[in-house]
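Okay, thanks for coming, everyone. Let me put the model up, and then I'll walk you through it.

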Amino acid sequence: MKAENLKILRDNGFPVPPFTVVTGSEVDLSFSRAETFAVRSTFEGEDTGDSSFAGQFDTLLDVPRAEVASAVEQVRKSYEKETIRAYREALLRKSGEAPSVVPADHASRTAPVLVQEMLHPDMAGVAFSSNPTGLLNEIVLVVGEGLGDAVVEDRADTTTYYYNKDDALYYYETQGASPTLETGVLETLWDLVQRVEELYGRPMDIEYAICGTDVYLLQARPITTFRGKDLIVLDSSNIVESYPDLTLPLSMSFAKEIYYEIFRALLIRATNGSTVVSELDPSLRDMVAMANGRVYYRITSWYG
């Protein structure tokens, strides 16, 4: 499915590095003149709307041309891992059915493997076309220096951007020596991410690489879960006067603490310090919330 998603992107004009899918014993690299390649898993049940199998299989990067065949076999053998079977069984217990997985006794001979031209990007990262916390109108983009695997595995300092699709405003948080993106590159990424979501008709998890000012898409898969299924009601009435524009996370942490302390003190006085104060503590800690870089009253905490 990973290769199929890349084919869909490529056929719709998105910038995707050249690739091929190896399904037999012969590895044909005539599609590229590159000297190094990324060798990755791809099969029907991977990166679908119901499951991702993210991080379950071997991925080999910067593989020299002469070693691609052996790398293909290594990736195929990773299909037989016990963790894969356990993951599949967990899906089966959860939903009553599981995506197709290549049988172990067949994997080492014919399982498809993706071979893609290796990029050596200046920066790379992941983008969520809708915030996985449930904010459908907010793109979340994470970027770090070098290869994307360091970003995904949290081995690199990263900058996280939050972009509001409705008004095209954004803010970002840095970490250590993390990089920031030029305006032109950012605009390219916002455009690509929204077009990918439009193409698939659902929120997408996208891996990308940046070489100079060029942006390439390396992978796209549906976001399989959204955190927080309970209804959350937010309202900006009155509070917008105190926080009229984008609010950075540091200011938001201050606002949450202030609202918590003020209303906790008020409740203590109103109830003479009864046990209801402790019972309502979780709601008191969530009197305000941030969405799209703005501060709101969390109405479900006020009246819940």
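I'll go through the sheets, then the ring pairs, then a few single residues.

Quick housekeeping: this is a predicted model, so local features need pLDDT of at least 70 and side-chain atom pairs count only at pLDDT 80 or more, while totals for chains, interfaces and linings use all residues. Residues are numbered from 1 along each chain as its sequence is written, and side-chain values use heavy atoms, with hydrogens and water left out.

Let's start with a sheet. There are 4 strands in an open, antiparallel arrangement, in the order β1-β4-β2-β3. When I say strand or helix I mean DSSP runs numbered from the N terminus, E of at least two residues for strands, H or I of at least four for helices. And two strands pair if DSSP finds at least two bridges between them. At the edges you have β1, residues 19-22, and β3, 60-64, and each pairs on one side only. From one strand to the next, the twist averages 30°. For angles, axes are lines fitted to C-alpha atoms, for helices over the stretch in contact, and the angle between N-to-C directions runs from 0 to 180 degrees.

Zoom in on β1: 4 bridges join it to β4, residues 113-117, and the two run antiparallel. One partner to look at is Leu114 in β4, which bridges to Val21.

Now, what lies across this sheet? Helix α1, residues 2-11, lies across β1, β2 and β4, at about 150° to β1. Helix α2, residues 68-78, lies across β1, β2, β3 and β4, and runs at about 20° to β2. Contact here means heavy atoms within 4.5 Å.

β11 is joined by 2 bridges to β13, residues 294-298, and Asp235 stands opposite Tyr297 in β13.

On to the rings. A search of the whole structure finds 9 aromatic pairs. The rule: rings of Phe, Tyr and Trp (its six-membered ring) pair if their centres lie within 6.5 Å, with planes under 30 degrees apart called stacked, over 60 edge-to-face, and the rest tilted.

Take Tyr161 and Tyr172: centres 5.1 Å apart, planes at 40°, so that's a tilted pair. Tyr161 lies in β7 (158-164) and Tyr172 in β8 (170-173), so the pair ties together parts 11 residues apart in sequence. Buried or exposed? Tyr161 is buried at 1% relative accessibility, and Tyr172, at 40%, is partly exposed. The cut-offs are under 20% relative accessible area for buried, over 50% for exposed, and partly exposed in between, with a 1.4 Å probe and protein chains only. Ring pairs also link Tyr161, Tyr163, Tyr170, Tyr172 and Trp190 into a cluster.

Then there's Tyr259 with Phe263: their centres are 6.2 Å apart and the planes at 10°, so this pair is stacked. Both sit in helix α8 (249-271), 4 residues apart, about one turn of the helix. Tyr259 is buried at 13%, while Phe263 is partly exposed at 22%.

We've got charges over rings too, meaning NZ of Lys or CZ of Arg within 6 Å of the ring centre and within 35 degrees of the ring normal. Arg195 has its charged end over the ring of Phe14, 4.4 Å from the centre. Arg285 does it with Tyr260, at 4.1 Å.

Last bit, single residues. Asn137 is in the loop between β5 (123-128) and β6 (138-145). Its side chain makes a 2.7 Å polar contact with that of Asp166. That term means a pair of N or O atoms within 3.5 Å; within protein, one must be able to donate a hydrogen and the other to accept it, and residues adjacent in sequence count only if both atoms are side-chain atoms.

And Leu218, in strand β10 (214-222), is buried at 19%. Leu218 and Leu9 are 209 residues apart in sequence, yet 9.7 Å apart in space, C-alpha to C-alpha. Leaving out residues up to four places away in sequence, the contacts of Leu218 include Leu6, Pro17 and Arg40.

That's my tour, over to you.
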